[in-house]
Amino acid sequence: METSELLPRKGPSAVEVADWIRSQIRGQRLVPGQRLIEVDIIRQTGGSRFKVREAFQRLAAEGLVEIEEFRGASVRNASMDEVRQLYTARGALEGLCAADFTRKANTEQKAELARLAAEMDDCVATARPEQFSQLNSRWHNLLMEGGGNRVIQDIVHRLNTPIHHLVFEAFYRGERLRAAVEDHQEILDAVMCGDAEAAEAAMRRHVTNGLRYLSDLDRNVHFSEV
C-alpha cells in the first residue's frame with residue numbers, strides 16, 4: 001500500500017473510513033469476494049476498531065460489503081441480474097435529474113457541463129480512462145445537483161457502484177468511452193436547447209447503453225470460461 005493511498009490524518013470518522021474502503025473497491029484494489037481484515041484497515045486508515053466496524057455496516061447497507069457471522073466482512077459480488085435491476089433504477093432516476101437540470105440549472109452550471117464533456121472527449125483521444133471515470137462522476141453529479149433533487153442524488157449514489165466481477169479496465173475500454181462521449185453530447189445538446197423531455201430520454205438511453213455493454217461483456221467472459 002502506497003503512502004499516497006493512506007488517509008491524510010489519524011482518527012478518521014466512520015464515514016471517512018467507509019469512503020476509503022469504497023475507493024479501494026472502485027479502484028479494484030479490493031476485489032469481489034475478498035475478506036476485509038480489520039487490523040489491516042485500521043493500520044491503513046488510522047481508524048479505530050469501532051469506526052472500522054461502523055464503516056463495514058455503512059457499506060453493507062449500500063450493498064458493497066457482506067457481513068457474515070464468524071467470517072466477518074468481505075467485498076460483495078452482485079449477480080448480473082442485480083446489476084440489471086440497479087441500472088434500470090439508475091436510468092429512471094438520472095433521467096428525471098437530466099430533465100430537472102434542463103429546467104432549473106443556471107448558465108454557469110450548463111457551461112460547466114459542457115466543459116466537462118469536452119474534457120472527457122479529450123480523455124478518450126489521449127487514452128486516459130481513469131481520468132475519464134473521475135470526470136464522468138463529476139458530470140453525472142453536476143446534473144443531479146443542478147436538478148436540485150438531493151433525495152434522488154443520494155439514492156443514485158447508492159446504486160452507482162454495483163460490485164461485479166467485471167473489472168474497471170474492461171468496462172472503460174476505448175469503444176465504450178467513445179460511445180459514452182456520443183451519449184453525453186446528445187444529452188448536452190438537449191440541455192442546451194432547453195428540451196427537458198429529450199434530455200431525460202437521452203439520459204435513459206445512456207444508462208441503458210452502459211448496461212448493454214456490461215451484459216455483452218459478461219456474456220463474452222462466461223463464454224470464454226466455458
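The expected span of a helix is 1.5 Å times one less than its number of residues; helices (H or I, at least four residues) and strands (E, at least two) are DSSP runs, numbered from the N terminus. This is a predicted model, in which local features need pLDDT of at least 70 and side-chain atom pairs count only at pLDDT 80 or more, while totals for chains, interfaces and linings use all residues. Residues are numbered from 1 along each chain as its sequence is written, and side-chain values use heavy atoms, with hydrogens and water left out.

**Helix H6**

Select H6 to begin. Its 19 residues reach 27 Å from the first C-alpha to the last, close to the 27 Å expected at 1.5 Å a residue. Buried means under 20% relative accessible area, exposed over 50%, and partly exposed in between (1.4 Å probe, protein chains only). Among the buried residues of H6 are Phe 132, Leu 135, Trp 139, His 140 and Leu 143. Just after H6, Gly 148 has a positive phi of about 80 degrees.

**The largest nonpolar core**

A nonpolar core is a set of buried Ala, Val, Leu, Ile, Met, Phe, Trp, Tyr and Cys residues joined through side-chain atoms within 4.5 Å. The largest one has 31 residues, and those touching the most other members are Val 83, Phe 101, Leu 113, Phe 132, Trp 139 and Met 203. Two or more residues each come from helices H4 (80–104), H5 (107–125), H6 (129–147), H9 (174–192) and H10 (196–225). H9 gives the most, seven residues. Another core, of 16 residues, lies apart from it and includes Val 17, Ala 18, Ile 25 and Val 52.

Now centre on Leu 113. Leaving aside neighbours within four places in sequence, Leu 113 is in contact (heavy atoms within 4.5 Å) with Phe 101, Trp 139, Leu 142, Leu 143, Leu 188 and Val 191.

Met 80 is in helix H4 and counts as buried because its relative accessible area is 9%. Select Leu 214 as well: its C-alpha is 8.8 Å from that of Met 80, although the two residues are 134 apart along the chain.

Next, pick Cys 97, buried at a relative accessible area of 2%, and Cys 123, buried at 1%. With a disulfide taken as a pair of cysteine sulfur atoms within 2.5 Å, the count is zero.

**Strands and helix H3**

Finally, show strand E1 (35–36), helix H3 (49–62) and strand E3 (72–75), which each supply at least two residues of the lining of the second largest pocket. H3 supplies the largest share, three residues.
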